[in-house]
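Here's a quick briefing to read with the model open in your viewer.

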Amino acid sequence: MSEPRPPLPDSYEGMRNRSRTAFQAGDVENAVALHRRLVDKLGRLSDGVLARRPELRDMELQARLELAEMLRLEGRYSEAIEVKEVLLETHPDRASDWRRDLAVLRITKGEVETGLAELRTLAGEDPEDTWRWIVLGVESRLEGRFAESQEALDHALAQDRGDTDELTTAHYHRFLLYRDMGRLDDAVAAWNDAVDLNAEVSKSVRDVYTMLTDAGRYSEARSYVDRDDNELQAGYQRGFLAHLAGSTAEAKREWRAVSKLDPEAFESGHDAWAEAA
């Protein structure tokens with residue numbers, strides 16, 4: 001059985017693949033130019049063609065989203081906004097998604113008041129939508145608006161539609177908020193609430209014991225280190241806590257043990273291995 005032929009370089013799929021390859025190789029300008037050409041070609045297709053080939057309408061959407069993301073990653077926020085604004089007209093059925101994304105882009109660009117105002121409006125338009133409150137809470141926290149962030153996350157939790165993902169995310173972002181506010185006991189409680197809903201959150205335990213270590217709460221930090229299954233991270237932190245306690249020999253033993261581990265066997269914690277090594 002013969003293998004499928006690769007797409008032609010100037011076909012829609014070929015241009016998309018070339019753009020992705022260029023971006024991954026660091027050739028950003030070429031990648032952006034190719035994606036702009038692709039978006040332009042797809043955007044000029046008639047309604048009749050799109051009706052016969054709906055997959056091209058979806059490709060135009062995906063190509064525009066990918067172009068906007070490339071521009072965002074490069075800090076070209078005004079261009080990303082311009083690319084994404086078109087979706088309000090071409091895909092109005094998802095207007096609230098585009099408005100949310102545009103608001104976040106504007107905040108990142110520095111138009112904080114405009115962006116947060118739009119997120120507040122979106123939350124007010126559908127107050128039972130938990131995710132709208134979560135996004136407002138996250139963006140408010142990142143901008144140091146802690147009171148507004150807490151209020152938004154409280155709104156998110158108040159909906160409690162029985163969606164575990166929503167509740168887990170809201171509790172986890174309350175952990176980040178309380179950590180940033182210096183309310184460490186509340187932060188720990190919020191993190192444990194998230195873990196109770198989804199055990200996968202426990203993989204972020206490093207954030208908890210790092211916070212406690214930074215606050216000088218070493219014994220409590222150690223109790224959370226003991227909950228970390230990642231020996232790169234846990235071993236390094238045990239050594240660091242021993243070092244802080246003045247136990248130099250113990251610290252060296254822990255770090256030596258970490259340095260002998262294979263970092264490729266772990267999904268994260270490679271920075272801890274590098275420090276120990």
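This is a predicted model: local features need pLDDT of at least 70, side-chain atom pairs count only at pLDDT 80 or more; totals for chains, interfaces and linings use all residues.

Residues are numbered from 1 along each chain as its sequence is written, and side-chain values use heavy atoms, with hydrogens and water left out.

**Salt bridges**

- The structure has 32 salt bridges, each meaning a side-chain nitrogen of Lys or Arg within 4 Å of a carboxyl oxygen of Asp or Glu.
- One network of salt bridges ties together Lys84, Arg94, Asp97, Arg100 and Asp101.
- Arginine 183 pairs with aspartate 186, N to O at 2.8 Å.

**Around arginine 217**

- Arginine 217 and aspartate 185 form a salt bridge, with N to O at 2.7 Å.
- That pair links distant parts of the chain, 32 residues apart: arginine 217 is in the loop between helix H13 (205–214) and helix H14 (218–225), and aspartate 185 is in helix H12 (residues 184–197).
- Helices here are DSSP runs (H or I, at least four residues), numbered from the N terminus.
- Glutamate 220 also bridges to arginine 217, with the closest N and O atoms 2.8 Å apart.

**How exposed are these side chains' residues?**

- The labels go by relative accessible area: buried is under 20%, exposed is over 50%, and partly exposed is in between (1.4 Å probe, protein chains only).
- Aspartate 185 is exposed at 52%, whereas arginine 217 is partly exposed at 25%.
- Glutamate 220 is partly exposed at 24%.
- Aspartate 186 comes out partly exposed at 33%, and arginine 183 is partly exposed at 30%.

**Helix H15**

- H15 (residues 231–244) has 14 residues and should span 20 Å at 1.5 Å a residue; its end C-alpha atoms are 19 Å apart, which agrees. The expected span is 1.5 Å times one less than the number of residues.
- H15 is largely enclosed by the rest of the structure, because 10 of its 14 residues are buried. Among them are Leu232, Tyr236, Arg238 and Leu241.
- What covers those buried residues? The cover includes H13, H14, helix H16 (248–259) and helix H17 (270–276), going by contact, that is, heavy atoms within 4.5 Å.
- Glycine 246 follows H15 and has a positive phi, near 90 degrees.

Terms used. Helices (H or I, at least four residues) and strands (E, at least two) are DSSP runs, numbered from the N terminus.
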